[in-house]
Structures are given as C-alpha cells and as structure tokens.
Amino acid sequence: FARYIEDWRLKVERVGTLNYPEAARNQKIYGSLVLTVSIKSDGQVENVEINRSSGQRVLDQAALRIVELAGTNGFGPFPPDISKDTDILSITRTWIFTRADQLVTE
C-alpha cells in the first residue's frame with residue numbers, strides 16, 4: 001500500500017501545484033482541509049469527500065478539482081498484491097494550500 005499511496009501523493013501534489021487556484025493566489029487565501037479519496041482497483045476515483053472544510057470555498061473546490069484533474073486517466077490499477085484482497089482503497093490526507101502557492105499533503 002505504501003508505494004501506491006506515495007505515488008498517488010506525488011501525483012496529487014504535482015497536479016495541485018501546477019493548478020493552484022488563481023483566486024487563492026490573488027486573494028492570498030491559504031489553509032488546510034481533510035479530504036478522503038476512494039479509488040477502485042482499476043485506479044478510477046470512486047468517491048471524494050471533504051471530511052473537514054478549510055472554511056474557504058475556493059480551497060475546498062480547488063481540492064475537488066485537483067482530484068478530478070489528477071484522476072482523469074486514473075491513478076493506475078492496484079498492483080496484484082493489493083488488488084487480490086482490496087476493491088476500494090480510501091486515502092485520507094490533510095491538504096495544505098501554502099503561502100508559497102503550493103499544494104502539500106500530510
């Protein structure tokens with residue numbers, strides 16, 4: 001699971017930084033939220049849920065859009081050792097929109 005989740009994190013952060021919300025950058029809006037992304041064994045997104053809002057609509061919407069952009073072609077199918085007993089993998093992370101206009105997940 002660790003390698004798959006790390007690859008997912010790197011992709012989300014790369015896409016998130018490249019697509020940092022312009023409104024947040026212009027208005028100097030920063031913050032964090034907790035998001036759960038559920039991925040099916042074929043790598044397609046099953047569900048996205050905001051567990052704790054940032055309190056800033058622009059950031060919450062950006063996080064959802066970033067998952068959509070990053071998952072456009074899927075996140076890659078699960079490796080055999082995961083797919084043999086896992087149908088859906090849910091990844092919950094804290095997403096931080098930083099003052100350096102980057103997306104970081106924890």
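**Set-up.** I worked from a predicted model, where local features need pLDDT of at least 70 and side-chain atom pairs count only at pLDDT 80 or more, while totals for chains, interfaces and linings use all residues. Residues are numbered from 1 along each chain as its sequence is written, and side-chain values use heavy atoms, with hydrogens and water left out.

**Helix α1, length.** I took helices as DSSP runs of H or I with at least four residues and strands as E runs with at least two, numbered from the N terminus. The 17 residues of α1 should span 24 Å, and I found its end C-alpha atoms 24 Å apart, which agrees.

**Helix α1 against α3.** I looked up how α1 (residues 2-18) meets α3 (residues 57-70): the angle is about 115 degrees and the axes are 9 Å apart. Axes here are lines fitted to C-alpha atoms over the stretch in contact, and angles run from 0 to 180 degrees between N-to-C directions. The crossing is right-handed, meaning that the near helix is turned clockwise from the far one by less than a right angle. On the α1 side I listed Lys11, Val12, Val15 and Gly16, and on the α3 side Ile66, Leu69 and Ala70; contact means heavy atoms within 4.5 Å.

**Buried side of α1.** I list Tyr4, Trp8, Arg9, Val12, Glu13, Val15 and Gly16 as buried. Buried is under 20% relative accessible area, exposed over 50%, and partly exposed in between, with a 1.4 Å probe and protein chains only. These α1 residues pack against β1 (31-40), α3, α4 (80-83), β3 (88-97) and β4 (103-105).

**Core.** Of its 25 residues, Trp8, Val12, Ile39, Trp95 and Phe97 touch the most other members. Two or more residues each come from α1, β1, α3 and β3, and α3 gives the largest share, six residues.

**Loop residues.** I noted a positive phi of about 55 degrees at Lys28, which is not a glycine. Lys28 is in the loop between α2 (22-27) and β1, and it counts as exposed because its relative accessibility is 58%. Asp101, also not a glycine, has a positive phi near 55 degrees; I placed Asp101 in the loop between β3 and β4.

Terms used. Expected span 1.5 Å × (residues − 1). Core = buried A, V, L, I, M, F, W, Y, C linked by side-chain atoms within 4.5 Å.
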